[in-house]
Amino acid sequence: VLHCRERESMGATVNTLRECFEKYPHTATWFVLKVTDFHNCPWFNDYLFYCTDTLARATFVQLLVQAVHVVAPNHPEAVLTMKHLKVLDLKNAAPSNPSALITLLTRQIVEGVFKVVGFIRTADELFTLIRDLCSIPSVCYGFQQMSLVSILSYFISPESASLKLKELFDKNLIVNNRQGAVRVDFGNLLQSVFEALAALLGVPQLRKVNLLQDRSYWETELVPEAKEALTIIFQESSFNGGMDLNSINAYFDRVTNFGIASGQQPQKATALQVRNLLDRFSNTPDGRLSLEGFLQYQTDMATHNPKNVWRDLNAFSFRNDLSRVQRSIVRTAANTTQPFAGTNNAVQTSSTLPSAPMETYFDAQARNESSSEILPKYLSESCRQCLSNITLYESGLNASDICAKAIAKVVCFKNENTSKALIQQASAKLYAISTENTWNQQPIIIIMDFLKL
């Protein structure tokens with residue numbers, strides 16, 4: 001079904017399967033068992049690494065998340081009780097023991113993260129899978145105990161990773177014949193990484209909405225909400241109803257440098273890229289890119305490379321549900337009244353997402369008589385050190401400032417030592433930047449944004 005060219009009934013098929021999982025839990029167990037049996041069933045690797053069809057990858061993740069919601073044990077520490085078991089023991093127990101089955105899946109996902117370095121273009125959905133599974137307390141606790149926070153931090157700052165982590169990632173680079181490459185660019189993955197990281201620390205996340213309507217493989221059209229958001233972007237990037245060479249270059253400068261990792265050189269669109277855009281898509285009578293042409297370009301990208309459309313939307317402050325926020329306002333990545341996952345509160349799996357600023361949660365915590373921090377208790381010391389590194393927040397404020405600010409608040413709340421350490425690092429960087437001979441405003445803005453927290 002996922003590989004059919006005609007996809008008008010894709011949504012109905014997926015909904016039927018999800019309802020089946022709910023009504024007949026043994027079918028959900030069967031599905032998760034198939035996914036974890038990667039020696040005999042290629043689904044996990046095929047859809048999370050090798051598949052170039054974005055819709056197929058995203059649909060697989062949705063189905064797997066739904067199945068895990070049905071199968072996962074209710075006790076939040078169920079996965080932790082299985083941490084000493086070997087893989088063979090878990091496989092033997094998995095068909096009749098939900099805790100063993102989910103433990104097997106979480107280990108498989110964590111091991112899969114190391115393979116991402118060889119599949120930069122197709123691995124986004126693995127981070128999406130982690131993000132969505134973190135709404136299940138037992139899975140979230142398991143990920144925390146496996147040091148997934150420090151593993152994800154590798155993509156943000158590889159040079160700060162431990163020697164052991166570097167060796168594990170380098171081994172996968174060699175397996176995928178990339179040992180001779182220059183440092184791998186994780187820029188396009190960073191927003192997904194930060195969303196997964198925030199979810200791990202208990203900040204609920206919004207799922208990305210579909211950009212395209214269900215049509216056929218050959219006939220695609222943007223959903224109305226995406227068309228409206230992209231029309232706004234066009235209006236802000238054009239003049240008198242069109243985009244000339246200068247405005248297209250300015251547009252590409254903004255979106256291609258959004259979310260680049262700290263320390264990386266800004267990217268520039270080539271003259272050939274700009275010329276191709278004008279030649280391929282509809283123009284105004286005077287040769288500028290029209291709104292119709294811009295929407296055609298975005299539809300084409302949404303079909304073949306949707307991460308670039310999301311990059312463009314995020315660069316103009318549109319969120320995963322295509323609503324727009326002021327980037328200076330600190331709000332949760334998902335506006336929700338749910339308790340935080342990974343803390344002492346259980347998480348509900350409701351998809352209702354009412355608006356609520358993040359400060360509301362922390363103000364309520366501050367009024368609580370308890371003096372304990374809200375940083376998840378199962379984080380290892382190496383994970384806590386990663387969260388105390390200013391580089392993480394520098395990259396985050398570029399890639400996903402909403403998530404980065406949310407992470408900072410979770411990490412620093414009633415945690416005086418970490419707060420002081422981060423303020424000292426930020427102040428030192430600010431001083432170093434301000435005394436350099438070459439003035440660069442962007443790092444100043446990023447550090448100041450962090451200190452304003």
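Predicted model: local features only at pLDDT ≥ 70, side-chain atom pairs only at ≥ 80, totals over all residues.
**Entry 1: a buried pair**

Residues are numbered from 1 along each chain as its sequence is written, and side-chain values use heavy atoms, with hydrogens and water left out.

**Entry 2: aromatic pairs**

I searched the whole structure and got 22 aromatic pairs. The rings of Phe, Tyr and Trp (its six-membered ring) pair if their centres lie within 6.5 Å; planes under 30 degrees apart are stacked, over 60 edge-to-face, and the rest tilted.

I looked up Phe31 with Phe60: this pair is tilted, at 6.3 Å centre to centre and 45° between the planes. Phe31 sits in helix H2 (residues 25-36) and Phe60 in helix H4 (residues 54-71), so the pair ties together parts 29 residues apart in sequence. Helices (H or I, at least four residues) and strands (E, at least two) are DSSP runs, numbered from the N terminus. Phe31 is buried at a relative accessible area of 8%, and Phe60 is buried at 3%.

I then went back to Phe114 and Phe169, whose ring centres are 4.8 Å apart with planes at 55°, so this pair is tilted. Phe114 is in the loop between helix H6 (98-113) and helix H7 (124-133), and Phe169 is in helix H10 (residues 163-175), so the pair ties together parts 55 residues apart in sequence.

I also noted a cluster in which ring pairs link Phe21, Trp30, Phe31, Trp43, Tyr47 and Phe60.

**Entry 3: charges over rings**

I found Lys208 over the face of Trp310, at 5.6 Å from the ring centre. Arg288 lies over the face of Phe239, at 4.7 Å from the ring centre. The test is NZ of Lys or CZ of Arg within 6 Å of the ring centre and within 35 degrees of the ring normal.

**Entry 4: H13 against H14**

I checked helix H13 (residues 245-256) against helix H14 (residues 271-280): they pack at an angle of about 115°, with axes 10 Å apart. Axes are lines fitted to C-alpha atoms, for helices over the stretch in contact, and angles run from 0 to 180 degrees between N-to-C directions. On the H13 side Leu245, Ile248, Asn249 and Phe252 meet Val274, Leu277 and Leu278 of H14, contact being heavy atoms within 4.5 Å.

**Entry 5: H11**

I counted burial along helix H11 (residues 190-200): eleven of the eleven residues are buried, so H11 is largely enclosed by the rest of the structure. Its buried residues are covered by, among others, H7, helix H8 (137-145), helix H9 (148-156), helix H16 (306-315), H19 and helix H20 (401-412). Just after H11, Gly202 has a positive phi of about 100°.

**Entry 6: Ser388**

I placed Ser388 in the loop between helix H18 (381-386) and helix H19 (390-399). Ser388 is buried, at 19% relative accessible area. Setting aside neighbours within four places in sequence, Ser388 contacts Thr418, Leu422 and Gln425.

**Entry 7: whole protein**

I recorded 22 helices and zero strands. Buried residues make up 53% of the 453 residues.

How values were computed:
Buried < 20%, exposed > 50% of the residue type's maximum accessible area, 1.4 Å probe, protein only.
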